[in-house]
Amino acid sequence: MFPINTWYCVERASEISTQPFERIICNEPIVFFQTAKSGSMVALENRCPHRQAPLSMGKVVGEEIMCSYHGWVINSGGNCTYVPHQKSTSRNAKVKSYPFVEKWGFAWVWIGNPLKSDITLIPDMPWLVAKDRSAVLSRFYVKANYQLMADNLLDVSHSDFLHASSFGSQAGKKGETENVQQEMEITSDNVAVRCIRTLREVQLSPVAAAWGGFTRVVTRIHRQKWTPPNSINIELIMENEENKITINHDHIMTPETEKTCHYLFGFTRDYNIKKGYPTDKDVRREQETIIGTEDIPMVEAQQLNKTRFDDPQDVPGQADKFLIAVHKRIEEITG
Amino acid sequence: MFPINTWYCVERASEISTQPFERIICNEPIVFFQTAKSGSMVALENRCPHRQAPLSMGKVVGEEIMCSYHGWVINSGGNCTYVPHQKSTSRNAKVKSYPFVEKWGFAWVWIGNPLKSDITLIPDMPWLVAKDRSAVLSRFYVKANYQLMADNLLDVSHSDFLHASSFGSQAGKKGETENVQQEMEITSDNVAVRCIRTLREVQLSPVAAAWGGFTRVVTRIHRQKWTPPNSINIELIMENEENKITINHDHIMTPETEKTCHYLFGFTRDYNIKKGYPTDKDVRREQETIIGTEDIPMVEAQQLNKTRFDDPQDVPGQADKFLIAVHKRIEEITG
Amino acid sequence: MFPINTWYCVERASEISTQPFERIICNEPIVFFQTAKSGSMVALENRCPHRQAPLSMGKVVGEEIMCSYHGWVINSGGNCTYVPHQKSTSRNAKVKSYPFVEKWGFAWVWIGNPLKSDITLIPDMPWLVAKDRSAVLSRFYVKANYQLMADNLLDVSHSDFLHASSFGSQAGKKGETENVQQEMEITSDNVAVRCIRTLREVQLSPVAAAWGGFTRVVTRIHRQKWTPPNSINIELIMENEENKITINHDHIMTPETEKTCHYLFGFTRDYNIKKGYPTDKDVRREQETIIGTEDIPMVEAQQLNKTRFDDPQDVPGQADKFLIAVHKRIEEITG
């Protein structure tokens, strides 16, 4: 159902510890933890081979995890190394283990063939760890297919409507004297699909204006990059004669099931890093509020409607060029 | 599954406004609203043709509704008239629209062929708007097939048992000196099926006695009229040498799904309209309590049991004559 | 799916009264009550033959139950004896009745052929009513197949891990200087399968030590008896040169559905019955806490995992000898 020979983002790296936790990725329940001595990152099928108790209810002991039901001990390769009151263990007592690594402040798991896993395949997001930038990372749970959540980001024309009362501008509303044309340019290479969308003379919302201290209209440029399986990096530039600010939005979608997904998000800015508004705390509060109360309810409502109306054909607009290019690429990849 | 060339009651007309809301009727999710300028009543398939966002999350602008996701605008005929940043729209950008009208204080939708819709097909309920009467309207949501809720009203012999502690009388209890016979007379014409059920020397409950100031036994007459698809109008007369009072109960069942329905209810009385007990507020409180805590839990329990026991054959009693006549008529209509 | 010509434990006998209640046993919704005059125990299919209303919403009147919807009256044999406003009733107006008896302080129902029911087939648990012992009975609802809950008791090696922070000992933990061997002996006859498991030099937890006033290591012996369909009686003896105490644990599992069950439990002790710790109240609090927060969450997690992982093959350990013998017997019985 999902591409599996690929890295899926599980969590912010800062959340990985010796406290095991479960996450379902591509329908597979997986337990994640760090070992107690070396701090190695471990991902295992979330079941004890003995009688299917979830290892996520267990306890990390040294470099291994002990099942809390009958005390069987499983190592980071998924093999049982100890059974209480026994001198040896069975070779069959084993579960699947997964490559699990840290990069760009996120933790990534490889679901498919471990031999094909290659850490360089994780999309580049150097701004997330750049010293002259400030990154805020969040995680969301979404009751929608991960592609629907991705589509939200592939059509940023939603920002002036869905986010009208938060950071959206007034551009594009019916009844305006002029229906401002958007400029869009789509390109792609072997890996990524890219889009540049430009809107000129945009009247910013008070929130977005405050970010850059803008008092007058700006040119707003979205440079977007889609990378498989479903990462979307957006460089958002707002500039006029007063100021120029740059934000990197990273949106990384990981399927849980066909109708639910995990959504990892980064917001990296180059303005007001040391002082003034917004602080990292402001950014987190604003972004988690916007995504949690505007984007996610809409995407979940779309998912519900697609199910209820038996998946009607979408009718694209001109702003959907990027989305269509990405969908075409996904079809090519998945055959 | 359901008759569709017919009017279904959606809401009390007083609840229709420029705030769009969704209701599922016969498995179809529909958005309902009034337009901002002319106050026209509009019912549309509850999805934007662009990417299936529910229009009920949108906003009424003038005579149209704007989708809150990407700002597409849909008119009362279901056609998209505007896409932001575009000079024109696609002909394919349209959704289904439904006839939607107000009558007798209720709002009614026609699910089937709009050309067949005819407002005169809505059953007559003139008492609901009569100047010398007082009508109180309510709406309930029921987790049962709409026919099960209708059957509740087609066998009013339940009132002395299910409502024993509210307005029921003592008539019919096992162990009484005399098991009072009920008189029932069933008639029907091309449209309606009717029943008159008479019980004599009925000892009223304190609540019902208070309505008419009765201190002695009464004759209680139910005149019932069933009209397709599933409206039941009950004229309830209680009289003795002290007083005579008349209540019109209107019960209108609208299918949501096979196992859920909307239940619209009217209670119109000819007594104590200007002063004394009950006020309209008393009526609402009493009726919503009785229906909500006595009728609906029982009907939902029946639905659950029919599912769990794989729909056993009912065993009718003599009081079921009216119900049987109506079920027969429904079979004739639906072929 | 389940053996039906057998007694299933429904409740503690003390809970049976004239207040009817429903329990689903082997997928069959059944209403249970005691009659008002003779105090007879009655179990009926939980539906009125008239229109499928649950009889558990009805009211016991004398030796019968009256449906609360339209007042039909059903006797203890499941036959309708009265319909309001009618002179007679229909022969078809009847529902299934079940043998339902009290024994050992529990109430038991027979789902299959009533002619085969025989009260002597209920497993012996005389300690539950012995005068020199004190029994505390509990009931739990478990979202797991009843065999999974039984398996919990068939492998008591879980007690030192799952109950590590309550009454478990330290025996068997990885990294101990010596991995103490357990001694297990399995026997069986025509009816029961039995197991004796002995662990020597066990360091008790503070809770278990307090029960017998132990300050030093003990020998811990579990004598277990499994009886069909799924009762497990455990005699637990802890002794050393200081004291010897005996506890009888009775675990009786009754299927609700394939994935849910009722779990009846007895804890009968021979120590500190009249004074000191634990009182019956202490026992109830301790046991309901341990079972409710340690055993049941684990068994429910197993059930969930078996469903999610599509029922993987278990890998048994040496402690599973008893469990394997019982599973084999169950296969023989059910063919």
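Colleague: How many aromatic pairs does a search of the whole structure find over all chains?

Modeller: This is a predicted model, to be clear. Over all chains, the search turns up 25 aromatic pairs.

Colleague: Why is the pair of Trp7(C) and Trp110(C) called edge-to-face?

Modeller: The ring centres of Trp7(C) and Trp110(C) are 5.2 Å apart, and pairing asks for centres within 6.5 Å. Their planes meet at 65°, and over 60 degrees counts as edge-to-face. So edge-to-face is the label for Trp7(C) and Trp110(C).

Colleague: What makes you say that this pair ties together parts that are apart in sequence?

Modeller: Trp7(C) belongs to strand 1 (residues 7–12) of chain C and Trp110(C) to strand 11 (residues 106–110) of chain C, so the pair links parts 103 residues apart in sequence.

Colleague: And are those two buried or exposed, Trp7(C) and Trp110(C)?

Modeller: Buried means under 20% relative accessible area. Trp7(C) comes in at 5%, so it counts as buried. Trp110(C) has 1%, so Trp110(C) counts as buried too.

Colleague: How do you know that the charged end of Lys173(C) sits over the ring of Phe161(C)?

Modeller: The charged end of Lys173(C) is 4.5 Å from the ring centre of Phe161(C), and the distance limit is within 6 Å. There's a case between chains as well: Arg47(B) lies over the face of Phe309(A), 5.7 Å from the ring centre.

Colleague: Why does Leu264(A) count as buried?

Modeller: Its relative accessibility is 0%, so Leu264(A) counts as buried. Leu264(A) sits in strand 18 (residues 260–269) of chain A. Leaving out residues up to four places away in sequence, Leu264(A) touches several others, including Cys9(A), Phe106(A) and His251(A).

Colleague: What is the nearest side chain of opposite charge to Asp151(A), which is buried yet has no salt bridge?

Modeller: That's Arg51(B), 5.1 Å away. A salt bridge needs the nitrogen and the carboxyl oxygen within 4 Å, so Asp151(A) has none with Arg51(B). Arg51(B) is still in contact with Asp151(A), as are Leu323(A) and His327(A). Asp151(A) itself lies in helix 1 (residues 146–154) of chain A.

Colleague: Last one: what rotation superposes chain A on chain B?

Modeller: A rotation of 120°, with 0.2 Å of shift along the axis, superposes chain A on chain B at an RMSD of 0.1 Å. The two copies are therefore related as by a three-fold rotation axis.

Definitions and conventions. Residues numbered from 1 in each chain as written. Chains lettered and ligands numbered in written order. Predicted model: local features only at pLDDT ≥ 70, side-chain atom pairs only at ≥ 80, totals over all residues. Heavy atoms only, no water. Helix = DSSP H or I, 4+ residues; strand = E, 2+ residues; numbered from the N terminus. Buried < 20%, exposed > 50% of the residue type's maximum accessible area, 1.4 Å probe, protein only. Lys, Arg positive; Asp, Glu negative; His and termini not counted. Contact = heavy atoms within 4.5 Å. Least-squares fit on C-alpha atoms with pLDDT ≥ 70 in both. Phe/Tyr/Trp six-rings, centres within 6.5 Å; stacked < 30°, edge-to-face > 60°. Lys NZ or Arg CZ within 6 Å of the ring centre and 35° of its normal.
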